[in-house]
Amino acid sequence: MSRFFLVTDDTGFDQRVRQAISGGLPGSVQTLREVRLPATPAELLHHVAGEMPEVILLGPGVRVDEALQLAAVFDVQHPEISLVLVCAVDPDLALSALRAGIRDVLEPAADPDTIRVLLERACHASASRRRNLLPPAAPEGPGGRILAVTSPKGGVGKTTVAANLAVGLGRVAPMSTVLVDLDVQFGDVATALRLDPEHTLVDAVTGAAAQDPMVLKAFLSVHPASIYALCAPSSPAEGDRISGENIVHLLKQLASEFQYVVMDTAPGLGEQTLAALEAATDAVFLCGMDVPSVRGLRKELEVLGQLQLVPETRRIVVNTADRHSGLSVQDIEAVLGAPVDVVIPRSRAVAYSMNKGEPLLQDGSRDPAAKALRRLVERFDPARADQQRRGLHRRAGL
Ligand SMILES: Nc1ncnc2c1ncn2[C@@H]1O[C@H](COP(=O)(O)OP(=O)(O)O)[C@@H](O)[C@H]1O
Ligand SMILES: [Mg+2]
């Protein structure tokens with residue numbers, strides 16, 4: 001168990017932290033002997049062996065401006081981790097540190113007793129934040145969760161995220177997860193999963209399938225990741241015949257049989273997507289790291305708010321994130337007026353996996369994008385909530 005992670009080259013301070021912990025705190029400390037801070041949380045956490053740390057101490061010796069920048073991103077991406085800045089304390093700095101999401105500032109010369117008290121406080125803060133971040137409880141009684149993946153624009157990664165989400169949830173609920181392609185005209189779930197479906201959405205919403213869930217199940221395609229898929233029709237004209245009412249009925253039928261119904265959607269707010277959002281218990285809103293995409297999502301959220309069509313649980317995901325885009329996660333949150341839940345980096349492995357027709361989460365990929373996608377999956381896994389409650393939370397992929 002490693003609850004504390006320290007970034008410093010100051011061996012004296014390192015020693016005192018170890019004394020503080022051995023003098024009465026459960027867990028252990030791991031040190032990264034560096035004064036140059038990694039640029040992102042993902043890069044820093046890459047150095048962590050085993051469990052996710054609860055408290056990260058930055059310094060002594062690190063650059064304060066870099067530490068504050070990093071802390072601000074941690075605050076968004078990993079609010080459950082408490083960050084402590086170790087540097088000479090002055091009131092101005094303390095204020096900007098707190099604003100950046102730093103939990104506490106500690107003098108480099110602090111003795112082990114002072115360090116222990118502060119670390120204990122940081123652990124309590126981390127524990128209470130973890131409790132607040134628990135995924136929603138499993139639905140009671142019959143009826144699975146219905147997850148809609150949407151974005152105002154195309155090419156943002158809806159199909160990629162929906163396919164990976166379904167494959168990831170297939171591990172949580174094998175043979176009880178279904179991916180539905182509601183991009184009725186140009187859907188490409190079949191390509192993303194390398195399926196050649198015998199039946200499609202049109203068969204599922206017409207005839208006997210619409211009356212009988214058992215018939216409906218026979219129209220689904222089985223995928224090797226222990227999930228089912230319902231693919232879009234092969235011609236756009238066929239897709240046009242599927243109404244919003246058809247979709248709401250279909251989703252209710254599927255939710256009575258499956259623990260997770262994941263929907264990929266067409267860009268924008270067409271009839272089918274509005275129907276999907278009406279029936280959804282959870283929505284994953286996607287945007288890229290560019291101004292038109294973020295502005296588009298803000299408009300979509302505004303419209304859905306007015307229509308009262310924002311599902312009970314809402315996750316915002318930034319895809320194809322890139323440090324050199326000129327936009328930061330904080331900029332995006334400021335425009336959206338809402339926190340970003342998961343940031344998926346741009347990755348060649350994603351593009352390759354989609355071209356191959358094998359979603360990244362189908363194997364144990366350690367690619368940073370796979371790790372981010374697993375974090376998204378965890379948001380919908382009630383067992384993670386139990387694990388977190390019992391303090392067994394492990395970082396995916398490490
Ligand atoms: N994180 C990522 N890194 C790199 N390429 C990505 C990423 N996410 C999606 N892509 C690629 O972007 C393209 C569009 O993705 P797709 O999921 O089809 O978008 P949408 O369904 O929103 O139109 C695909 O070629 C896909 O492989
Ligand atoms: Mg798509």
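Analyst: Start with a definition: a residue is near a molecule if one of its heavy atoms lies within 4 Å of it. The model is predicted. Around ligand 1 there are 16 residues, and those that come nearest are Gly-155, Lys-158, Thr-159, Thr-160 and Ser-347.

User: What makes the pairing of ligand 1 with Gly-155 a polar contact?

Analyst: The cut-off is 3.5 Å between N or O atoms. An oxygen atom of ligand 1 lies 2.7 Å from a polar backbone atom of Gly-155, so the pair counts as a polar contact. A nitrogen atom of ligand 1 is 2.8 Å from a polar backbone atom of Ser-347. For Pro-345, the distance from a ligand nitrogen to a polar backbone atom is 3.1 Å.

User: Why is helix 13 called roughly parallel to helix 14?

Analyst: The axes of helix 13 (residues 291-307) and helix 14 (residues 329-336) cross at roughly 30° and come within 9 Å. Angles under 35 degrees count as roughly parallel, so helix 13 is roughly parallel to helix 14. Val-294, Leu-297, Arg-298 and Leu-301 of helix 13 meet Ile-332, Val-335 and Leu-336 of helix 14. By class, that contact has six nonpolar, no polar and one charged residues.

Definitions and conventions:
Residues are numbered from 1 along each chain as its sequence is written. Chains are lettered from A and ligands numbered from 1 in the order in which they are written. This is a predicted model: local features need pLDDT of at least 70, side-chain atom pairs count only at pLDDT 80 or more; totals for chains, interfaces and linings use all residues. Side-chain values use heavy atoms; hydrogens and water are left out. Axes are lines fitted to C-alpha atoms, for helices over the stretch in contact, and angles run from 0 to 180 degrees between N-to-C directions. Helices (H or I, at least four residues) and strands (E, at least two) are DSSP runs, numbered from the N terminus. Angles under 35 degrees count as roughly parallel, over 145 as roughly antiparallel, 65 to 115 as roughly perpendicular and the rest as oblique. Contact means heavy atoms within 4.5 Å. Ala, Val, Leu, Ile, Met, Phe, Trp, Tyr, Cys and Pro count as nonpolar, Asp, Glu, Lys and Arg as charged, and the others, Gly among them, as polar. A polar contact is a pair of N or O atoms within 3.5 Å; within protein, one must be able to donate a hydrogen and the other to accept it, and residues adjacent in sequence count only if both atoms are side-chain atoms.
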